[in-house]
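Biologist: I would like to learn how to read a model like this one, feature by feature. Could we put it on the screen and begin with a single residue?

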Amino acid sequence: MRRTILALLLVGMTACGSDSTSPRASLTGSWAGSTTGINMTLTLSQDGSQVTGSGQINSGGTAVALTANGTFAAPSVSLNLSATGFEAMNYTGSLSGNTIAGTINGSGFSNLNLTLTRQ
C-alpha cells in the first residue's frame, strides 16, 4: 500500500513538469534601447545557446557599427560587442518577456544600464 501511494505521488509530481510544447525563449530578432545619450540596435540570431548578430550604437550623433557574439542560457544574456577602432564591450543582462535589462562595460562604458526591447 505504501509503495502504491509513493508511486502515485511520484507520477503526479512528474506530470506537473514543464510543458514540452511551450515556446522556448529566444533572442532571435531585432532589439533596440536607449539611455542617457546612447541608442543601440541589434539584430540577433540564436542557434542553441550561441548568439551572433550585428547592429549599431549611436552616441552624440555618431553611429558605430557593431558585431555581436555571445551566449544565452535563459534568462542570462552575455554578448561581446566589437566595433572597428574601439575597445571591446560586453553587454550582460536578463531576458524577461520581450525585454533584456542589462549593462554595458568596456570601451569607456562602466556599468551603463541599458534595457533592450524586442522590435
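Biologist: Where is P75 found?

Modeller: Strands and helices are DSSP runs numbered from the N terminus, where a strand is E over at least two residues and a helix is H or I over at least four. In this predicted model, P75 is found in the loop between β4, residues 62-73, and β5, residues 76-82. Residues are numbered from 1 along each chain as its sequence is written, and side-chain values use heavy atoms, with hydrogens and water left out. Because the model is predicted, local features need a pLDDT of at least 70 and side-chain atom pairs count only at pLDDT 80 or more, while totals for chains, interfaces and linings use all residues.

Biologist: Is the peptide bond from A74 to P75 cis or trans?

Modeller: Most peptide bonds are trans, and most residues other than glycine have a negative phi. The bond from A74 to P75 is cis, with an omega near 5°.

Biologist: Which residues have a positive phi although they are not glycines?

Modeller: S107 is one of them, with a phi of about 50°, and S107 lies in the loop between β7 and β8. N111 also has a positive phi of about 50° without being a glycine, but N111 is found in strand β8.

Biologist: Over how many bridges do β1 and β8 pair?

Modeller: Strand β1, residues 29-35, and strand β8, residues 109-118, pair in the antiparallel sense over two bridges, and the partner of A32 in β8 is T117. By contrast, β2 and β3 pair over 10 bridges, with V51 in β3 as the partner of Q46, and β3 and β4 also pair over 10 bridges, with L66 in β4 as the partner of G55.

Biologist: Is T103 buried or exposed?

Modeller: Buried means under 20% relative accessible area, exposed over 50%, and partly exposed in between, with a 1.4 Å probe and protein chains only. T103, placed in strand β7, residues 99-106, counts as buried because its relative accessible area is 18%. S107 has 22% and is therefore partly exposed, as is S54 in strand β3, with 40%.

Biologist: What does T103 touch?

Modeller: A contact means heavy atoms within 4.5 Å. Not counting residues up to four places away in sequence, T103 touches N90, Y91, T92, N111, L112 and N113, whereas S54, by the same rule, touches T41, L42, T43, L66 and T67.

Biologist: Which residues have the most contacts inside the largest nonpolar core?

Modeller: A nonpolar core is a set of buried Ala, Val, Leu, Ile, Met, Phe, Trp, Tyr and Cys residues joined through side-chain atoms within 4.5 Å. The largest one has 23 residues, and L27, M40 and Y91 have the most contacts inside it. The elements that give two or more residues to this core are β2 (38-47), β3 (50-59), β4, β5, β6 (89-96), β7 and β8. Beyond four places in sequence, L27 touches residues including L44, V51, F72 and I100.

Biologist: What pLDDT does the protein average?

Modeller: The pLDDT is the predictor's confidence in each residue, from 0 to 100. The protein averages 87, and 81% of the residues score at least 70. Over residues 6-19, however, the pLDDT is below 50, and this stretch has zero contacts in the model beyond near neighbours in sequence.

Technical notes
Pairing = 2+ DSSP bridges.
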